[in-house]
Amino acid sequence: MPSSALTAAHPLKDVTASDSALRRFLHGLPGVDAVGLEGRAASLGTRSIKTTAKAYAIDLAISMVDLTTLEGADTPGKVRALGAKAVKPDPTDRSTPSTAAVCVYPDMVAVAKEAVAGSDVKVASVATSFPAGRAPLTIKLADVREAVAAGADEIDMVIDRGAFLAGRYLKVYDEITAVREACGTSARLKVIFETGELSTYDNIRRASWLGMLAGADFIKTSTGKVAVNATPANTLLMLEAVRNFRAQTGIQVGVKPAGGIRTSKDAIKFLVLVNETAGEDWLDNHWFRFGASSLLNDLLMQRQKLATGRYSGPDYVTVD
């Protein structure tokens with residue numbers, strides 16, 4: 001079931017009572033030690049994962065992929081093929097886990113839903129005028145409602161970065177809560193910050209708390225449409241935020257790094273970050289996802305190499 005914003009009885013509810021109260025809270029969060037953050041992320045990235053642990057990590061990573069196509073040239077046929085791949089990533093090996101979801105534009109939700117019918121694969125849809133988010137709220141909410149009505153299990157929304165960077169935090173909060181309401185009880189909400197446009201780690205920490213206070217089920221780094229997307233450091237910072245938020249509120253929120261994660265080695269580094277920062281409770285596709293397309297191909301090739309002892313090469317997997 002999707003989470004909801006904090007109840008009126010919760011002590012943190014007061015921080016969203018006014019723009020000034022929200023500003024005080026967000027700017028009262030501890031400042032980020034950039035050197036320390038990047039150093040810890042780099043250190044955790046050196047962990048060596050071998051043999052059975054590596055095989056487990058690869059299967060876990062496959063199960064966490066949101067297999068994504070977000071192009072203007074998307075066709076129903078391409079979406080159907082992607083749905084089939086999500087359900088059976090390796091048709092030659094039935095032990096291969098399905099991916100977590102297929103992520104498409106709202107007008108392709110019904111096609112994707114049909115393609116994954118009968119499986120556990122979710123259908124996610126970007127909305128709120130993805131990727132720029134430059135549209136009136138009425139348009140954004142219509143975007144969300146259309147996707148949910150078509151059967152979307154998850155909505156990936158983008159925040160108004162312009163409002164956030166201008167310090168209009170309550171406007172961003174109100175927009176997230178309105179989208180959360182538009183999702184109803186059937187769709188989980190992922191809130192995308194576009195961390196590459198937020199400029200500072202302090203802003204990423206503030207955005208993380210703002211999204212969680214507004215009722216996000218997931219906080220997500222990026223759209224994958226800008227130069228700087230998911231990094232170990234910004235993901236580590238968001239993992240710290242969800243860990244601390246649960247400690248204060250009892251509410252667990254997921255994390256989704258997206259964009260730039262292309263290899264099994266990269267994915268395993270992120271899983272180490274999850275385990276060492278947020279803990280084992282997040283090592284599940286209900287709480288951690290990879291926004292990726294090419295990543296799945298490398299995971300499948302590395303999985304076959306572990307099973308057979310030989311590397312099959314890129315022709316072994318479909319080109320998405």
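Leaving aside residues up to four places away in sequence, T223 is in contact with F130, P131, V158, I192, E194 and N229. The model is predicted.

- T223 belongs to the loop that runs between β6 (218–220) and α10 (232–249).
- The relative accessibility of T223 is 8%, under the 20% limit, and the residue therefore counts as buried.
- The T223 side chain forms a polar contact with the side chain of E194, at 2.5 Å.
- A polar atom of the T223 side chain also lies 3.0 Å from the backbone nitrogen of K225.
- T223 and L239 are 16 residues apart along the chain, and their C-alpha atoms are separated by 18 Å.

- Most peptide bonds are trans, and most residues other than glycine have a negative phi.
- The peptide bond from F130 to P131 is cis, with omega near 0°; both F130 and P131 are among the residues that T223 touches.

- S199 is located in the loop between β5 (188–192) and α9 (201–213).
- The phi of S199 is near 75°, a positive value in a residue other than glycine.
- S199 has a relative accessible area of 66% and is therefore exposed, the limit being over 50%.
- N203 is part of helix α9 and, at 12% relative accessibility, counts as buried.
- The side chain of N203 makes a polar contact with that of R206, at 3.3 Å.
- Not counting residues up to four places away in sequence, N203 touches F164, L165 and L198.

**Crossing of α1 and α8**

- Helix α1 (residues 19–27) and helix α8 (residues 169–183) have axes that come within 8 Å and cross at roughly 100°.
- This angle falls in the range of 65 to 115 degrees, so α1 is roughly perpendicular to α8.
- On the α1 side the contact is made by D19, L22, R23, L26 and H27, and on the α8 side by Y169, L170 and Y173.
- Sorted by class, the contact of α1 with α8 comprises 5 nonpolar, 1 polar and 2 charged residues.

**Crossing of α2 and α11**

- The axes of helix α2 (residues 34–44) and helix α11 (residues 264–277) come within 9 Å, with a crossing angle of roughly 115°.
- Helices α2 and α11 are therefore roughly perpendicular to each other, and their crossing is right-handed.
- From α2, the residues R40, A41 and L44 meet V272, L273, E276 and T277 of α11.
- By class, this contact of α2 with α11 has 4 nonpolar, 1 polar and 2 charged residues.

Conventions. Residues numbered from 1 in each chain as written. Predicted model: local features only at pLDDT ≥ 70, side-chain atom pairs only at ≥ 80, totals over all residues. Heavy atoms only, no water. Axes fitted to C-alpha atoms, helices over the stretch in contact; angles between N-to-C directions. Helix = DSSP H or I, 4+ residues; strand = E, 2+ residues; numbered from the N terminus. Parallel < 35°, antiparallel > 145°, perpendicular 65-115°, else oblique. Left-handed = near helix turned anticlockwise from the far one by under 90°. Contact = heavy atoms within 4.5 Å. Nonpolar A, V, L, I, M, F, W, Y, C, P; charged D, E, K, R; others polar. Buried < 20%, exposed > 50% of the residue type's maximum accessible area, 1.4 Å probe, protein only. Polar contact = N/O pair within 3.5 Å; in protein donor to acceptor, adjacent residues only side chain to side chain.
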